[in-house]
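This report covers a ligand site and the salt bridges of one protein model.

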Amino acid sequence: MTREQRLEALRDEIRRHHGCGFEPCETSTHAVPGEGTARARVMFVGEAPGAQEDRTGRPFVGAAGKLLDELLESVGMTRDDVYITNVLKARPPGNRDPRAAEVAHSWPWLEQELAIVEPDVIVPLGRHALARFAPGLKVTEAKGKLVHDEAGRALFPLLHPAVALRARDRRQELFDDIAGLPAALESGPGVRVAREEAEPESVQRQP
Ligand code: URA
């Protein structure tokens, strides 16, 4: 199976999933798998789908998503260049914070997305998403910088776009922070190592 086929199979599994008893999975309208290119070098990870995402079954399509589109454009990227997903694949009722058990339940899907796409850099959006990768790392200290989690994965944390929608003065900060992403993609030693190690496996796997 190609990378694209594996990703589509996973997306189907997430859409069909039900009956686990976890509130988001049982009460949401649509599951929201990640979307984007299966060969993305950058994977953006938000916390959980909101109301618009729940209605459409697509990640980051509401106001925060529009800002994410602008942020991507500011570094010469579009949604077609990246992969966008969330820690949770279903909206918690009333947009409440996800519970630890719900995160644990959804995490294997994110791990599979990571294993298939093999991004060079993961961009956790906001403190909640960052905490899932690197507990103890503060988004205010790590944002706009290349850092690594305990598994050696390269992270480039950013404020969540929704923060900039609530506080206009954070908007410029977000654009300033993402401006460092292209350089981080090219310059991080962890990034280069991850790519070199990933290459032979990816090549073998392609038909
Ligand atoms: N906020 C998120 O964290 N994810 C979405 O998909 C939308 C808003």
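The sections below treat the basis of the model, the ligand site and the salt bridges.

## Basis

The model is predicted: local features need pLDDT of at least 70, side-chain atom pairs count only at pLDDT 80 or more, and totals for chains, interfaces and linings use all residues. Residues are numbered from 1 along each chain as its sequence is written, and side-chain values use heavy atoms, with hydrogens and water left out.

## Ligand site

For Ala48, a backbone N or O atom is 3.1 Å from a ligand nitrogen atom. A polar contact here is a pair of N or O atoms within 3.5 Å. The ligand taken alone exposes 230 Å², of which the protein buries 90% (Shrake-Rupley method, 1.4 Å probe).

## Salt bridges

There are 21 salt bridges in the structure, defined by a side-chain nitrogen of Lys or Arg within 4 Å of a carboxyl oxygen of Asp or Glu. One of them pairs Arg39 with Glu4, with 3.0 Å between the closest N and O atoms. This pair joins distant parts of the chain, 35 residues apart: Glu4 belongs to helix α1 (residues 3-16), and Arg39 to the loop between β1 (35-36) and β2 (42-46). Helices (H or I, at least four residues) and strands (E, at least two) are DSSP runs, numbered from the N terminus.

Key. Polar contact = N/O pair within 3.5 Å; in protein donor to acceptor, adjacent residues only side chain to side chain.
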